[in-house]
Amino acid sequence: ACKKRLGSKKREKTAAPARLMDALKRLGLFTPSATALLGAARPTQPLCSRSLPSLSKRAALSSSLCSRSYSRPSEGLSGSSRRIGFVGVGAMGRPMCENLLKSGRFEQIVVCDTNEKALQDFKAMGAEVVTSPADLARSPGVETVISMLPSAGHVEGVFLGERGLLSVDPSELQPRFFIDCSSTGPKCSVSMQRELEGREGADLVFVDAPVSGGVPGAEQATLTFMVGAPTEDLFNRARDVLVPTVGKQAVHCGTTGAGQSTKLCNNLVLGITMAGVCEAMALGQKLGLDPENLSKVFNSSSAQCWSTSLYNPCPGVMQGVPSSRDYENGFLTELMIKDLTSAQQAAESAQADIYLGKMANDLYQKMESTHQRKDFSAIYRYIYNGQASGQRE
């Protein structure tokens, strides 16, 4: 009987890994395409605007990335013994960086931005501040740099500009691990990794980790990170920095660029659903319905989604969201336009159809240029002429 029990336990241990892999596949975390996404030989045209390579080239690069060995292995955090850099403290970056400071997990945070007022604020909080990425690159003891920037062009400038991170002499360069949380599209991330790989004698790693959760998620440290990393060890290293200090979870989406591809798909859904919610809320109000009651129905029925339950576009229905503060301090409409345009470009490259995405993009682009600095949920007011809860036209 004892032998039978021992044999049964042995079989369970053998079967466990297989069951785990099956579960991960069902969750969509490991797919056949995850390691065959993007890549190309270094071209002469601008890094973040090149066209996607053929699938065979992408697969070849993905294979080389995933099999490469790195001399700096995955490192866990050790108390507050490490220094970390942060570039870009705008609407999203500021609360993320503040949460890094509050966590106490780092010896020092070195903040880099062009906004002098923001730098002074962080200096008052106890952070060290620098005015250029080159200064950050030379900061002693900084092992990792997180960036949260508006666009691919900004990312390229921070890394490759005249006073960029990579403008310093290799002997002066301190950080070796770069986590980019910007939403740039997969081409930019792959290009940056290729650029870092090309630095002779340097062992540099670029990981893309765009976020979902918006400004409220950044403020409450509940962001989800969609991570594109060549290996599981590098993903774990990024996750150890990001969770739970500035987010609640990180998902390994595949190799370099996969995080950005995932973010494009996520924001495609977000842009479409927000447009649908705004349209329905405005229609309901014109039919004489109370927006708060209508929202309650949405949130307990098949219309429930992130835009109804956590980011309601109708002023007066929900507190602490952009619609409650004149659509300020949120996800800019111009950034949603950028993401939907990137999704269309990616779809064309992949020969995929995104009819609703194009229609949603057209709606956001109808907002006057003066309103495109408002949160994207402002199409409720500026496109559908929706009123605040309790108001009538």
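Helix α10 passes helix α11 in a right-handed crossing, a crossing being right-handed if the near helix is turned clockwise from the far one by less than a right angle, and left-handed if anticlockwise. Helices (H or I, at least four residues) and strands (E, at least two) are DSSP runs, numbered from the N terminus. The model is predicted, so that local features need pLDDT of at least 70 and side-chain atom pairs count only at pLDDT 80 or more, while totals for chains, interfaces and linings use all residues. Residues are numbered from 1 along each chain as its sequence is written, and side-chain values use heavy atoms, with hydrogens and water left out.

**The α10 and α11 pair**

The axes of α10 (residues 258-286) and α11 (residues 291-299) come within 10 Å and cross at roughly 135°. These axes are lines fitted to C-alpha atoms over the stretch in contact, with angles from 0 to 180 degrees between N-to-C directions. The two helices are therefore oblique to each other; angles under 35 degrees count as roughly parallel, over 145 as roughly antiparallel, 65 to 115 as roughly perpendicular and the rest as oblique. Contact here means heavy atoms within 4.5 Å.

| Helix | Residues in the contact |
|---|---|
| α10 | Ala-280, Met-281, Gly-284, Gln-285 |
| α11 | Pro-291, Leu-294, Ser-295, Phe-298 |

The residues of this contact comprise five nonpolar, three polar and no charged. In this scheme Ala, Val, Leu, Ile, Met, Phe, Trp, Tyr, Cys and Pro are nonpolar, Asp, Glu, Lys and Arg charged, and the others, Gly among them, polar.

**Aromatic pairs**

Six aromatic pairs are present in the structure. Rings of Phe, Tyr and Trp (its six-membered ring) pair if their centres lie within 6.5 Å; planes under 30 degrees apart are stacked, over 60 edge-to-face and the rest tilted. The ring centres of Phe-331 and Phe-376 are 5.8 Å apart with planes at 85°, so this pair is edge-to-face. Because Phe-331 lies in the loop between α12 (306-309) and α13 (333-350), and Phe-376 in the loop between α14 (355-365) and α15 (379-382), the pair ties together parts 45 residues apart in sequence. Phe-376 is buried, at a relative accessible area of 1%, where buried means under 20%, exposed over 50% and partly exposed in between (1.4 Å probe, protein chains only). Ring pairs also link Trp-306, Tyr-311, Phe-331, Tyr-364 and Phe-376 into a cluster.

**Val-155 and the chain**

Val-155, in helix α6 (residues 152-160), is buried with a relative accessible area of 0%. Its C-alpha atom is separated by 8.2 Å from that of Asp-180, 25 residues away along the chain. The protein chain has 15 helices and nine strands, and 50% of its 393 residues count as buried.
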